[in-house]
Every structure is written in structure tokens, then in C-alpha cells.
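Could you walk me through this protein one selection at a time? I have the viewer open and would like to know what to click on next and what I will find there.

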Amino acid sequence: MTTKIFRSILTTSVIVLAATLIILTSFFYGYFNSIEIKELKDALSIASTGTEQSGEAYLGKLSSGGYRFTWIAADGRVLFDSMAEKAEMDNHLNREEISEAIKTGWGSSARQSATLTEETLYEAKLLSDGTILRISTDRASVFSLLMGLLYPIILVMIVAVAISAVIAHKMAKKIIEPLNKLDLDKPTENNAYEELSPLLVRIHKQNMKIEEKAAELNRRKEEFGLITENMHEGLILLDKNRCILTINPAAIELFSAEAHCTGKDFLTIERRTEISGAIENAVSKGHSEIRISRNEREYQLDISRIETEGETVGTVILCFDITEQANAERLRREFSANVSHELKTPLQSISGSAELIENGLVKQEDLPRFVGHIREEASRLIRLVEDIIKLSQLDEGSEMPAEKVSLLSLSKEVCGIIADSAREKAIDISVSGDEGCILGVKQLLFEVIYNLCDNAVKYSKDSGKVEVKINETGEAVSLVVSDTGVGIPAEHQQRVFERFYRVDKSHSRKSGGTGLGLSIVKHGVMLHKGKIILKSEENKGTEITVIFPKNE
């Protein structure tokens, strides 16, 4: 801006100077021209008086002095000329100054030379005898005058331009200085030019709007940061060049990335080709999904394209932990397969026995044995269906009525039911301990205790021992079921609570187990927010402790 002001001032100064020189030159040229014409007329008046008295003799005496005199007859013939032979001169009747003098008594004219550097002034006067006396002189033209003054003009212009440049520079700095000192953060507090007040007011209003927008933007940014930081799902925003714009702590942990990876290429934190391919697929189709495994957990990545006005500006990646969902799906598949298998086995046995009886292939004395076998398999099938229904109810999480239950009383009731099975194997079963009252679902607690005690009897050796102890403290009630059975190998202890999992499949089928008892125990305890502790040694026995928190 300083340069523009400097140029404007300098240009104006040069234009004014040039115009001044032109005006002055024109003025002085006109002034001196009028003086010269007056002198020429005065000289002509004097010469005309002498000519009328003495004629050619007088004119001959005026042949020097810088003027040219020409005496012309009334018909235009030249009677005398101070600088040329009259016989060689043309008729002057048609000359402008001669014609005018004949008409008015005085005549004037000016004619340029061929080179335009000079012009000749003519003055003519009508004498009393009808002749005309003309006087002429040469003078420099305007062009010639300007050429003569060229060097002084150039010198004056150079000096004037230099002075103007210095003054323009100082003026420009002086004009700009208050503008450079403007405080645009507080525009209304400036003591600048009054003409800038409307602009400063507008700037103040714009600053207020910008501050409001900035505050709103910061607030939204903080809200977005708080939301993303507290998300359990990973969130990554990429620009169109696959550089990271935003990444939340969950995604940093998932991809084991650096805390300050914003601005870096996504490949710096994840180089899997399948993920890069999923991103490319999302950019081309709008959305893609992929599952990956990290740190023994399974994640689903939902990748979506971000568009603005029809142009792709980036992608967003959402990372969901679907480990529980994947495990549930796996368990459902395994459960369906196991249910099909477990149902198929007794049904085939029942169908086979019935078909033999129907076709008369069973001897009369063997018929009771086949009918008994059908009844056993049908009972086993009924127990299996009942256990599946119980597990389904637990999976659905349906509300069950809770009441105050004594675990000691419930344990005695269970032991009374399985006492016959225990006597068949000469197993000593006992219940002891505290009353152990908790708030729970009585039927479900019955199933928990029944399955634990039933398994203890089934897997105990003949003449063994099964003990049920109830211990009550101020915060919890523990149920301990121990036996002197075959025990559980260490490699199987983590899986015995899975559905249909059997350590010894042949023994389980022989004892009529469904493979769902301990799964019912696990879900029943979970529903009561308890925990299970398993201790077992092979061929020495098993002890299962269930701890229930007391609900006041």
C-alpha cells in the first residue's frame, strides 16, 4: 500500500509539474508575441510616415535593422523590397495581410517556415496614396522555443521529480504509519483517521462473529473429544489421502498406535492388506465391513465413505469389539450341533428297538428288556429336553420371582431325592453347616444344588463319600459340595461348565447324564451374582464351592 501511495503522489506531482511548464511556456510565448507585434506595428507606423514624405529614398535608408520592408502598389506590384529585387517578386495583391489592409487600412498575418522552426509575422498599412507598406520579421515557433528550452526543462523536471519522490516517500510513510499501528483485535479503540471509523466498526462486528463461531467450534470440538475419548468403540477419521485426522483412545489401544499419530498415514499404524482393501472398497462403494482378531479378541470394522457436495473427502472407521457376540455365535452353533446329536442318539435307539419289536424280531422273553431300554432312552430324552428348556429360560434372562431361601434346607431336600441313587453305590451323603439364607430364585437354586450333588454321586466311586457344607458370613453364603470320585484332569477343568462338554463321554452316557448339568449350575450362579471355585485332583475327588452374596 505504501508503494501505491508513493506512486500516486509522485505521478500527481509529475503531471502537475508538466502541466505547469506547458501553461507557463504558452503564457510567456503569447505575452512576448503580443509585445513583438506591437513593436512591429509601431515601426510600421513610423516607416509609413517617412515613406509618404520621401518614398523609396526613405525606405532605402531602412534596409537594415532586422525588419523587412516591402512597398506595394495598389495593383499588387512590388515597388520596393529591402531584401529582394522587386522585379523578381510576384504580385502581392492576394496576400492575406495586403487584402486585409486594402479593406480595413491594417492587415496582419503569420506564416510558418517549411521546417516549422520559424514563422514570419506580417503587418501591412494602407498609405494615403493607395499604396501599401508591409513590414515583416522572423521569430522562433513554439516548437523551436521548446527545443531551445529542452535542457533546462529536463533539468527542472529531474530536480522536481527527485524532490517529489522524497516528499511522496515521507508522505506515504506518514499516511501508512497510523494504519500500521491499528489494533484490529480492538478496532473501536483506535485513534486513526475518522474516515476509517465505518470500516473499523465493521471489523469489530466481524471479530465478534468470529469469536462466537470460534467459541462454538471449540465447544463442539471439546464435546466431540469427550464423546470419542469415552467411547468403548474405536473411531478413526481419515482424509482423502488416508492420513489420520482423528483417532480416539480405544482405536489407539486396538492398533497399538502412538498417542500422537494424528496427521500420519494410516499405514503407519496398520499395514494389513485386507484392511487397506476394505478401505478402498468403502471409498468405491460407500461402505464395507471386515472382521479382525487382535489380542485374542475379535473386532468388526465398519468403514464408510464421507462425501461433501458429491466429492469424497475421507473415510470413517468404527471398530466394535464383537468377541462376546462371536463367542455366543460359536456357542449357538456348537449347542445346535450338540443338541441335534444328543437328541438323535436316544431317538435312534428308541426307533431301532421299536422297529425290532414291530417286525416280531424280538423274542418274547427279551421283550421286557427292549421295552425297558425304550423307557430309559425316553426318560433320558425327557431330561435332556427339560435341561434345554431350563438353559433357554436362563439365556433369555426372563425375570423370576425371588424369595428368602435357606440353602441348608434346600440341600437336605436335594439329598433326600438322590438318596436312593447314593445307596445303590453305597455312597455316604451328608449335609451340614449354617442355615445360609439368601434372597434368590428357589427353583433355580434347587437345580444348582441338585446338579452339583447328582454329579458328585454319579462320578463317585462305590462306597465313597459326598459332603455338602453351608458356611454363612456377614457378607456371603458359601455352598461346598465335595466327593471322593474320579476327579477332573487339570486340562479339562476350564471347560467342564460348557454345554455338552464331557470329560469321559462313555461314563456320562452310561450314567444317563445330559451334559448340561454344570452349564445350568454356571448360569444359575451367574443369575445370583455368585462365583464358582473348582478344586479337583484326578482319582482323589472334586470340591466345588459356590459363593452367593447376601442380599439384605
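Helices (H or I, at least four residues) and strands (E, at least two) are runs assigned by DSSP and numbered from the N terminus. This is a predicted model, in which local features need pLDDT of at least 70 and side-chain atom pairs count only at pLDDT 80 or more, while totals for chains, interfaces and linings use all residues. Residues are numbered from 1 along each chain as its sequence is written, and side-chain values use heavy atoms, leaving out hydrogens and water.

**The whole chain**

Start with everything shown. The chain has 15 helices and 17 strands. Of its 552 residues, 36% are buried, where buried means under 20% relative accessible area, exposed means over 50%, and partly exposed lies in between (1.4 Å probe, protein chains only). A contact is a pair of heavy atoms within 4.5 Å. Among contacts between residues at least 6 apart in sequence, 54% join residues at least 24 apart.

Next, select residues 68-72 and 78-81, which are strand 1 and strand 2. Two strands pair if DSSP finds at least two bridges between them, and here three bridges join the strands in the antiparallel sense. Threonine 70 has aspartate 81 of strand 2 as its bridge partner. Five residues sit between the strands of this hairpin, and glycine 76 takes a positive phi near 100 degrees.

**A stop on helix 6**

Move to residues 197-229, helix 6, and pick out asparagine 207. Is asparagine 207 buried or exposed? It is buried, because its relative accessibility is 18%. Leaving aside residues up to four places away in sequence, asparagine 207 touches Leu184, Asp185 and Pro187.

Now bring up the open sheet of five strands in the order 7-6-10-9-8, where the pairing is antiparallel. Its edge strands are strand 7 (244-247) and strand 8 (287-294), each pairing on one side only. From one strand to the next, the twist averages 20 degrees; axes here are lines fitted to C-alpha atoms, for helices over the stretch in contact, and angles run from 0 to 180 degrees between N-to-C directions.

Zoom in on strand 9 (residues 297-308) and strand 10 (residues 311-321), which ten bridges join. Tyrosine 299 has aspartate 321 in strand 10 as its bridge partner.

Cysteine 243 is partly exposed, because its relative accessible area is 21%. Cysteine 261 is buried, because its value is 2%. How many disulfides does the count come to? The count comes to zero, with a disulfide taken as a pair of cysteine sulfur atoms within 2.5 Å.

Select the open sheet with the order 12-14-15-17-16, whose five strands show mixed pairing. Strand 12 (428-433) and strand 16 stand at the edges with a single partner strand each, so one side of each is left without a neighbour in the sheet. On average, neighbouring strands are turned by 10 degrees against each other, direction ignored.

Strand 12 and strand 14 pair in the parallel sense over six bridges. Serine 432 has lysine 469 of strand 14 as its bridge partner.

Helix 11 (residues 407-417) lies across strand 12, strand 14, strand 15 (476-483) and strand 17, running at about 170 degrees to strand 12. Helix 15 packs on the sheet and touches strand 16 and strand 17, its direction making about 145 degrees with that of strand 16.

**Helix 13**

In helix 13, click on phenylalanine 446. It counts as buried because its relative accessibility is 14%. Phenylalanine 446 touches Leu410, Glu413, Val414 and Ile417, not counting residues up to four places away in sequence.

**Two loops to finish**

Select serine 463, in the loop between helix 13 and strand 14 (465-472). Serine 463 has a positive phi of about 65 degrees although it is not a glycine, and it counts as exposed at 58% relative accessibility.

Last, select asparagine 539, in the loop between strand 16 (531-537) and strand 17 (541-549). Asparagine 539 has a positive phi of about 65 degrees and counts as exposed at 52% relative accessibility.
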